[in-house]
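Dear colleague,

My findings come after it.

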Amino acid sequence: MRTLFSENILSPSPTPAPQPNPFELLFPSSLSNASSADSTQSSPRQNEWLTQHLQNQQRAESETSNQANHAANGQRAPYARRKGNPKLLFMGLRRSGKSSIQKVVFQKLSPADTLFLEHTTRIETATMQSFITFESAELPHHLSATAPDFDHHAVFSNTGAAIWVLDVQDEYLTSITEMIHTAVFLAENYPRVNFEVFIHKTDGLSEEYKYETFREVRQRVQDELSDLGHGDRSVSYFQTSIFDHSIFEAMSKVVQKLLPQLPAMEALLNKLCSTCRIQKAYLFDSVSKIYVATDASPTFLKDYEVCSDYVDVIVDIKQIYGWHSQEGDGKAVSESSNQDDGDIGESMVTYDRSGDTYIYAREINDYLSLICVMGKGSSTDKRVLIDYNVGILHDALLQVFKV
Amino acid sequence: MERNKRQRQRKVLLMGRSGAGKSSMRSIIFSNYVAKDVRRLGATVDVEHSNIKFMGNLMLNLWDCGGQDSFVESYLTNQRSHVFGSVAVMIFVFDISSKEVESDMHSFAMTIRALHEHSMNSKIFVLVHKMDLVPPEQKATVFQQRAVDVRSTCVDEGFAEQQVEFWATSIWDQSLYKAWTQVVYFLVPNATAIEGMLRRLADLLDARELILYERTTCLVVTHITRESEGQNPYTDRFERISSILKTHKHSMAKHTGTMTSEVSFAEMQIKTGDFMFFIVSFTENTNLAVVMPGDEAAFNAARVNVQLARREFNHLDIVEPSGKEAQRQQ
């Protein structure tokens, strides 16, 4: 397993999370008020950004936890601390692609090799070590969630998100019916579990057909759910395929909803982007290449793809030339962990003769790295400013995770 | 003397049975295809010529010859002197998964007999291709066996032992780049001059390693490794870097919406506590990758020094030689 960094950071204990908005990843007006107030005060004084930021973050967290949630789902209990690590549960018909998704995202299996995976017969769990330990479990089809002898409590009580994988190249109407049953069951008994739908295997379809199918499935499910009285239940839909980056994008969004530190990280990234004129910033999890936070500008898949490919380049070159530290024993590693600024990895690539940086990457800790796609005007003389701001972001993120 | 004024044209023949993988290799290396795109390629009809401008005044005249029996017949009979005359390098591709070993060897023997008649001083590179289809434990033995057979055939036909080189390749890993790097290294006219100057530069910069690679194909032209780097466990790192950079070019092209062949970066830097790495464009057709130890001051000094050194290297890699400049070579 390749990671970018040398020493691990304390993993945070789960803290109460604010209620997320159903389809939107980005946060409601409370935070944007906070950050706009922030910007008017701190623009002349960059070095006070950190203190103000921390104050804003604390303010924002207390606000959102006291607010009524936006989903208007009055059934949901006021938020309680989730025990243990966030858990993801994959469900779907047979051969819909659940094991493939797990293996490709969490265990770095090449998509072409998923042809050789066998049928799953029992509940399989996998964990992914990151700054938060994720567990993902897969429910084989013949163990239906609604069957009476099924031990729901053991499986669903810890689950953060239930993902239904719908194979769009196969007959998906039966899958939709099954999914409705499961969704209703979950809505009634475990309302806190986020329900997500992956409209999977979209790689073989043409562009319009993809969109048509996506819309149709979404419409159908919405209609059925509202017929059954759960129309206000929030369900997210994603088009995915393991052969391109869409599956990583979808998993990123699912995982982000389970992270308690998300609003703090997003606010930090927004601030960074506005001061340094960065087009798009991602906080990548280096192991699985899922991004755990991004800034508020519109997300396009191609930005994610180019950043993800760049992470690959960096990891490969680090592996080739970083052989000194791999051969050295723990001594070298512990020495470097005592210096806090000596060994930070950083990288950038420039395409222009004028020196405009194109992509800028920086390690935050063992598991996280910041990758930015830069806009115009980030030329060499501005580089010092960017370095300084990113340094502040780095420290702020470390503080967020210590909380 | 006359030759120095013009661009040096070197004729390279690419031959082998039909379906051996010649056009696939050519399109991956020179036309920026990705390994899985080569499924789209059809059978080559007669000869496909490509003229590829390379560094050091070199113009590669690549003849990708169709491998079907009727074409091979015609090369060996009507077009014999046209095809086999004044050849600098012959690249013969064997498909290791083919069942007709005898007939492959026979056709090889016929081909190099014709080659010996018309260009007896040419160099032969034998590429044993599709090695990914061989189970890993048998790879070495199968390759050796084939190499021995082919070598004896070459000697029979009159070529000296050192005129033939053998490489095992596959488009699915970096062995392809390794083999073609050797071909290019053989063809670049002033490789030793370049190496000498790079060695002095490496000593001045105190770099761990310097890698000079050609910009469009990402093939490594030459590299200077200093003693400290000699223990690097990744002995195939140059090919790996070629394939890493190629994939990077593809992903950049996709993002900016340009063609892969037009993508070239001005600079790339990777800095960690252990090592610092940067790639900068060096001459008209090449980029230089420099690996430094992990010291920020030395790194910045190296960047400045490389910029200053570029001027010195330019005359080694002129594209449009005017008469006087070309004669200034050492």
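Predicted model: local features only at pLDDT ≥ 70, side-chain atom pairs only at ≥ 80, totals over all residues.

Residues are numbered from 1 along each chain as its sequence is written, chains are lettered from A and ligands numbered from 1 in the order in which they are written, and side-chain values use heavy atoms, with hydrogens and water left out.

Nonpolar cores

A nonpolar core is a set of buried Ala, Val, Leu, Ile, Met, Phe, Trp, Tyr and Cys residues joined through side-chain atoms within 4.5 Å; buried means under 20% relative accessible area, exposed over 50% and partly exposed in between (1.4 Å probe, protein chains only). The largest core has 90 residues, and those touching the most other members are I101(A), F198(A), M251(A), L283(A), Y321(A), L370(A) and F277(B). Helix α9 of chain A (residues 301–321) supplies the largest share of this core, 11 residues. Helices (H or I, at least four residues) and strands (E, at least two) are DSSP runs, numbered from the N terminus. Another core, of 33 residues, lies apart from it and includes F71(B), M90(B), I112(B) and F143(B).

A helix pair in chain A

The axes of α5(A) (residues 173–189) and α6(A) (residues 207–227) come within 10 Å and cross at roughly 40°. Axes are lines fitted to C-alpha atoms, for helices over the stretch in contact, with angles running from 0 to 180 degrees between N-to-C directions. The pair is therefore oblique (under 35 degrees is roughly parallel, over 145 roughly antiparallel, 65 to 115 roughly perpendicular, and the rest oblique).

Sites in chain B

Helix α2(B) (residues 22–30) is mostly covered, with nine of its nine residues buried. The helix is followed by N32(B), whose phi is positive, near 60°.

E157(B), in the loop between α6 and β6 (164–168) of chain B, is buried, with a relative accessible area of 15%. Leaving aside neighbours within four places in sequence, E157(B) is in contact with A109(B), I112(B), R113(B) and H116(B).

P135(B) lies in the loop between β5 (123–129) and α6 (139–156) of chain B and counts as partly exposed, at 33% relative accessibility.

With kind regards

Technical notes. Contact = heavy atoms within 4.5 Å.
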